[in-house]
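Here is a short briefing on one protein model. Look at the structure first, then work through the points by topic.

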Amino acid sequence: MRYRRSMAEGGTWFFTVNLADRRQDYLTRHIDVLRQVVRQVRDRHPFEIVAMVVLPDHFHAVWALPQGDADYATRMALIKAAFSRNLPKVERIRESRERKRERGIWQRRYREHRIRDEADLQAHVDYIHYNPVKHGHVERVADWPYSSFHRYVRLGWLPEGWAGEGVVVQL
């Protein structure tokens with residue numbers, strides 16, 4: 001059986017994308033590379049980043065695609081490939097990945113979920129913003145630097161102390 005991804009033109013999607021070696025911190029150690037790569041892909045293949053958080057070993061994002069466009073897979077592949085190309089080759093590459101000319105930075109698959117409605121969107125945005133606290137990286141959401149939470153505060157959509165007092169957000 002072949003895996004098939006859901007396709008919905010102009011949809012809004014939640015993603016979880018993991019490094020192959022979850023003990024690594026490539027994403028935060030090389031945050032400038034990731035930011036540059038995402039910017040370049042967005043320039044060529046537009047999409048809106050509704051919310052995003054980058055942790056050392058994985059990231060979560062909610063993207064809104066333009067009307068008539070369902071191709072999030074190309075965008076994700078371009079981000080993963082460009083990020084990998086911009087890192088020094090220090091990771092162990094398994095033979096199966098070497099045969100396919102893969103680096104071994106990322107897990108091959110990623111989780112995607114089509115956002116169904118406003119309540120689903122809110123739950124996923126909250127999950128994204130609370131994720132650094134959930135994983136024990138910080139005690140307060142506002143203390144994690146690699147999060148769209150700061151944009152939400154700047155725009156007045158969330159208070160700076162949001163979820164900082166032991167609020168647990170679950171999907």
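The protein has six helices and four strands. Helices (H or I, at least four residues) and strands (E, at least two) are DSSP runs, numbered from the N terminus. Starting at the N terminus, the elements follow the order β-α-α-β-β-α-α-β-α-α. The model is predicted: local features need pLDDT of at least 70, side-chain atom pairs count only at pLDDT 80 or more, and totals for chains, interfaces and linings use all residues. Residues are numbered from 1 along each chain as its sequence is written, and side-chain values use heavy atoms, with hydrogens and water left out.

**Overall packing**

- Of the 171 residues in the protein, 49% are buried. Buried means under 20% relative accessible area, exposed means over 50%, and partly exposed lies in between (1.4 Å probe, protein chains only).
- Take the contacts between residues at least 6 apart in sequence: 67% of them join residues at least 24 apart. A contact means heavy atoms within 4.5 Å.

**The sheet**

- Four strands make an open sheet in the order S2-S3-S1-S4, with antiparallel pairing. Two strands pair if DSSP finds at least two bridges between them.
- S2 and strand S4 (111-114) are at the edges. Each has a single partner strand, so one side of each has no neighbour in the sheet.
- On average, neighbouring strands of this sheet are turned by 15° against each other, direction ignored. Axes here are lines fitted to C-alpha atoms, for helices over the stretch in contact, and angles run from 0 to 180 degrees between N-to-C directions.
- S2 and S3 form a hairpin, with three residues between them. Six bridges pair these two strands in the antiparallel sense. Ile-49 stands opposite Trp-63 in S3.
- S1 and S3 run antiparallel and are joined by seven bridges.
- S1 and S4 also run antiparallel, joined by four bridges. Here Phe-14 is opposite His-113 in S4.

**Strand S3**

- How many of the seven residues of S3 are buried? Seven are, so S3 is largely enclosed by the rest of the structure.
- In a regular strand, side chains alternate between the two faces of the sheet.
- In S3, His-58, His-60, Val-62 and Ala-64 point one way. Phe-59, Ala-61 and Trp-63 point the other way.

**Val-17**

- Val-17 belongs to strand S1.
- Val-17 is buried, with a relative accessible area of 0%.
- Not counting residues up to four places away in sequence, Val-17 touches Asp-57, His-58, Phe-59, Met-76, Lys-80, Trp-106 and Tyr-110.
- One of these, Asp-57, is 40 residues from Val-17 in sequence, while the C-alpha atoms are 8.7 Å apart in space.

**Salt bridges**

- Side chains of opposite charge can pair when their charged atoms come close.
- The structure contains six salt bridges. A salt bridge is a side-chain nitrogen of Lys or Arg within 4 Å of a carboxyl oxygen of Asp or Glu.
- Arg-22 and Asp-57 form one, at 2.8 Å from N to O. This pair links distant parts of the chain, 35 residues apart. Arg-22 sits in the loop between strand S1 (12-18) and helix H1 (26-29), and Asp-57 in the loop between strand S2 (48-54) and strand S3 (58-64).
- Arg-22 is partly exposed at 36% relative accessible area, whereas Asp-57 is buried at 12%.
- Asp-21 bridges to Arg-23, with the closest N and O atoms 3.0 Å apart. Asp-21 is partly exposed at 25%, and Arg-23 is exposed at 76%.
- Asp-120 meets Arg-116 at 3.5 Å, N to O. Is Asp-120 buried or exposed? Asp-120 counts as buried, at 7% relative accessibility. Arg-116 counts as exposed, at 62%.

**The second largest pocket**

- The second largest pocket holds about 430 Å³ of space. On a 1 Å grid over the protein atoms alone, a pocket is an open set of points where a 1.4 Å probe fits, with protein on both sides within 12 Å along at least five of seven lines. Grid points are joined across faces, edges and corners, and a volume is the space filled by probe spheres set on the points.
- Its lining has 17 residues, and Arg-35, Ile-49, Met-52, Ser-147 and Ser-148 lie nearest its centre. Lining residues have an atom within 4 Å of a point.
- Helix H2 (31-44), S2 and helix H6 (149-154) each give at least two residues to this lining. H2 gives the largest share, six residues.
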